[in-house]
Every structure is written in C-alpha cells, then in structure tokens.
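Please keep the structure open on your screens while I talk.

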Amino acid sequence: MSEPKKLFIKTYGCQMNVYDSERMAEALGGQGYVETKSPDDADMILLNTCHIREKAAEKVYSELGRFKGLKADKPDLKIGVAGCVAQAEGEEIMRRQPLVDLVVGPQSYHRLPEMEAKTRTGEKALDTDFPEEDKFEKLKNRPKAKRGPTAFLTVQEGCDKFCAFCVVPYTRGAEVSRPAGRIIREAQDLVERGVREITLLGQNVNAYHGAGPNGDMTLAGLIWELNKVDGLERIRFTTSHPNDMDDALIEAHGTCEKLMPYLHLPVQSGSDKILKRMNRSHTADSYLRLIERIREARPDILMSGDFIVGFPEETEEDFQATLDLVEEVKYGYAYSFKYSTRPGTPAAERPQVDADVADERLQRLQAMITRHQREIQDSMVGQTVNVLFEKPGRQAGQMVGKSEYLHAVHVSDPGLASGDLRKVRVVTSGANSLGGELV
Ligand code: SAH
Ligand code: SF4
Ligand code: F3S
C-alpha cells in the first residue's frame, strides 16, 4: 500500500474556522490524506484564513511567501487557501501568489475532494460559489475517531445585519440555520466519541431558526433539546447579537442546567451616535437593560464582549461613553480592536480617526478591561467551581481545564484524566489562570 498523503492545515480567525478546518480534514481524509503538524512533510498545505481585519488578511500572503522554498523542493506539493480571504479575494490570490493551486470559499469546502483531484492533474482549482446544497450533509461520512472533551458545532452561518465595518455578510453570505435534527444527531455522535462540552457556533448564533419537528426552532429550543442528550454535560454558544436575545434564551440561562453561565455579547461601542453609524440597531441603554435582565435570570453569569475603537468619526466623548459602559458592565473577558478599514464596507468611505489617537484609546480601554478581568478572576479564590479537565498543564502531574465561567483552572492530582468533570476549590489566581484543589 502506498504511504498516506499528508495534509497540513493552519487555521486563522474565529472558532467557525476551527470547525471548518476539522471538516476539511475529514473531507480530504476520504482522498487518503492524514493530518501532519508540520508543513515540511506535507503533500498539501491549506491555510484557512480570516478577513476580518487588514492585518489578518495580510498575514496570509506573508505565510504563503514562506512556502516558496518548500514548493521548489517538492513540486508535487499543493497549496490551498480556504476561508474568508479566499471568499473575499478569490482569483486575486492566485494572481498575487502563483504558488497557490487551490482557492475554496467557506460555502464550497465539501467540493474539496474534486478540487484536490483537479490540482493533481496540474490545473488550478477555484470555487467561491454560494451553492444551494447543504455542505454539512455532503460531509456526513466522517471517521468515528475518538475526540477530546470539548467540541465546536456550527448551527448557523452567515449574517444579514451588515454592520458598517464588517466583512462577514460578504464572506460568509446570508444567514442560514441548519435543521435541528441534524444538529442533535451530530451532538450525539460527538458525545459517543468522548465529547462532554459542545459550543454551538454561528456568526449570529442566537438568530438561529432551524427547521424542527414542529416548525422552526429557536436557539433556546435547540438548547433544551441538547439538554436531553445523555452524556453531554455542558452547552455553550457564540457569538450572539444583542437584538436576538429573546426571552426564552434569557430564561434558559436561569433554568437550563447544562447551559453554562457565560455569555459573549458584543456591543462594539458605548456611544449611541457611533452605534447608529455602525448600523448596530441597539443603543447603549438597551444593551445595558438587556444585561440587567440576563443577570436577573442568572446572577453569576460572566459577561464577555467585543469593542471597536477609532471607528470613523469617533470623538473623545464617544470613546468616553464606551469606557463608561465597560465600567458599568464589568466584563470577565472582552476583546477590543482598533478599527480596520475593510474595502467594500460602508465605513471604509468615511473620515477616519487618526491612527495614534485610536492607538491611545485602545490602550486605555484595554487597561480597564484587564483590570476588571483580573478583579473577576481574583474574586473566584475561595469559591468552588466545576472544572472540565482537558489536557496536561505545564507542570508534571498537573491537568488544566475550564470552569463553568470559562476560566482556565490548574489542578495537580495524579488521579485526574482528560474528560473528568470535577468540583474544585479555587486557591490561587495567576496572570491568566486559576489554581485549585479537588474537593
Ligand atoms: N458576529 C459577531 C462578530 C464577528 S467579528 C458579532 O456580531 O459580534 C468579531 C469581532 O471583530 C467583532 O465583534 C468586532 O469587534 C471585530 N471587528 C469586525 N470588523 C472589524 C473591523 N473592520 N475593524 C476592527 N474590528 C472589527
Ligand atoms: Fe459582522 Fe456581527 Fe455585525 Fe454581522 S452582526 S455584520 S457578523 S459584526
Ligand atoms: Fe474571520 Fe471569517 Fe471568522 S472573517 S472572524 S474567519 S467569519
């Protein structure tokens, strides 16, 4: 028998790309590929890319340039670009970097096997369609390999919201939800393979409205169905839009035992003027009132969010409103980015904020976020949390896992194994993680 061909995939961007990379590896598994951790011995290199900010997209081209030597040594090596840069730039990638044999957009990766075969005949392959068929159904025949205790599961993809700064509606296309039955079956399959925690993914996951047995199901409905899956211990979901947080979903945070007390709910800015210009369709106040309701349902919930600073026409006063909002919410985690101009989006045409001013604002915001993050993490000391252990820690005999609030927790105990869900008393709070002992 011939040696299996080796596939190296590098993943950029959001969790959905992580999920997609797994599916692409499975699709190419049917073509005789096994994954390798190094590009050096690969027969095929795939970059699964992100287009969200300019830097993310530029990284792809510099990474591609580095494969020149590899391809010179091994002319049979095939190089592919997948993901959101592939969707946004298509043929432009092949023009800019002739090393590239294959370009596949996020909605077409179930066609990878045919595309790979085409490249083996010496042709280039490009597919950035938004096809009608269900790519997930086409990818059903998966190997039943054992898995780690946590997994992502895409339930919804795409976005119809068109925030003025964002490329996602263009790269991922219109909002589409997968039918509930297929999601439940995929969850059951994951659990049979060792998974105990599932994070439901969607660019607008709480807008989920997949076909169910009695008409469309909401995300809350889907979560309650997953709550019944034996052996599944934890459910999370990301990313949510404030406008799609319905009452049932808020209530589920208080009543659904497998739903974890963590919610990523990006607001982007605390200024109503900027929110309006971002086309966000919520105000700072409506967002704050929403969080109040969520905290009434689940007082200990840990909030996380995303912010953009230096959006076109943001004044010092607008930025101060963002700081005020952050001070009020106190996020356990928050991700903040300097506005990055994305060609083709409405905000790209507007008067830009000076780069130094934006840098300075970003630093101030990040300092505040870090302070809150640290205070919240430190406040866990003395509390008992549930930890799902995932992998060995840095020190010998140590295991690390996540609490229900998504804090990393280290415990040294020879009896611990990956997949164990145990009660832990938190004893220390370090730079980025907690330390504890089994109760
Ligand atoms: N669907 C998610 C966002 C996906 S993009 C949502 O609606 O919140 C992840 C984050 O990247 C966004 O929340 C935003 O904070 C940031 N982002 C998106 N476009 C950006 C841009 N042009 N410049 C800077 N940050 C951006
Ligand atoms: Fe982008 Fe999220 Fe806005 Fe959609 S809702 S356009 S994904 S930021
Ligand atoms: Fe990036 Fe595409 Fe995700 S642009 S953030 S990989 S949806």
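This is a predicted model: local features need pLDDT of at least 70, side-chain atom pairs count only at pLDDT 80 or more; totals for chains, interfaces and linings use all residues.

In helix α10, which covers residues 219-227, the buried residues are L219, A220, L222, I223, L226 and N227, where buried means under 20% relative accessible area, exposed means over 50% and partly exposed lies in between, with a 1.4 Å probe and protein chains only. These residues lie on the same side of α10, because they cover an arc of only 160 degrees around the axis, the arc being that of the directions from the helix axis to the C-beta atoms. As background, an α-helix has 3.6 residues a turn, so residues three or four places apart point the same way. What covers the buried residues of α10? The cover includes α9 (180-192), β10, β12 (215-218), β13 and α11 (247-255), and contact here means heavy atoms within 4.5 Å. Helices (H or I, at least four residues) and strands (E, at least two) are DSSP runs, numbered from the N terminus.

Residues are numbered from 1 along each chain as its sequence is written, chains are lettered from A and ligands numbered from 1 in the order in which they are written, and side-chain values use heavy atoms, with hydrogens and water left out.

Two of the strands that cover α10, β10 and β13, also belong to an open sheet of three strands, whose order is β7-β10-β13 and whose pairing is parallel; two strands pair if DSSP finds at least two bridges between them. At the edges of this sheet are β7 (150-154) and β13 (234-238), each of which pairs on one side only. On average, neighbouring strands here are turned by 25 degrees against each other, direction ignored, with axes taken as lines fitted to C-alpha atoms, for helices over the stretch in contact, and angles running from 0 to 180 degrees between N-to-C directions. Strand β10, residues 197-201, runs parallel to β13 and is joined to it by five bridges, and within that pairing I198 has I235 of β13 as its bridge partner. Helix α1 (residues 15-29) packs on the sheet, touching β7, β10 and β13, and its direction makes about 95 degrees with that of β7.

In the loop between α9 and β10 we find R193. Is R193 buried or exposed? R193 is buried, with a relative accessible area of 7%.

The parallel pairing of β15 (residues 302-309) with β16 runs over six bridges, and V309 stands opposite K338 in β16.

The loop between β16 (333-338) and α15 (355-378) holds T345, which is buried with a relative accessible area of 2%. Leaving aside residues up to four places away in sequence, T345 touches A164, F165, C166, V167 and Y170.

Strand β17 (residues 384-392) is joined by five bridges to β20 (residues 421-429), and the two run antiparallel, with V385 opposite V424 in β20. Strand β17 also pairs in the antiparallel sense with β18 (residues 398-403), again over five bridges, and here F389 stands opposite G401. The hairpin of β17 and β18 has five residues between the strands, and G397 takes a positive phi near 80 degrees in it.

I will finish with the protein chain as a whole, which contains 15 helices and 21 strands. Of its 439 residues, 54% count as buried. Among the contacts with a separation of 6 or more, 71% come from residues 24 or more positions apart.
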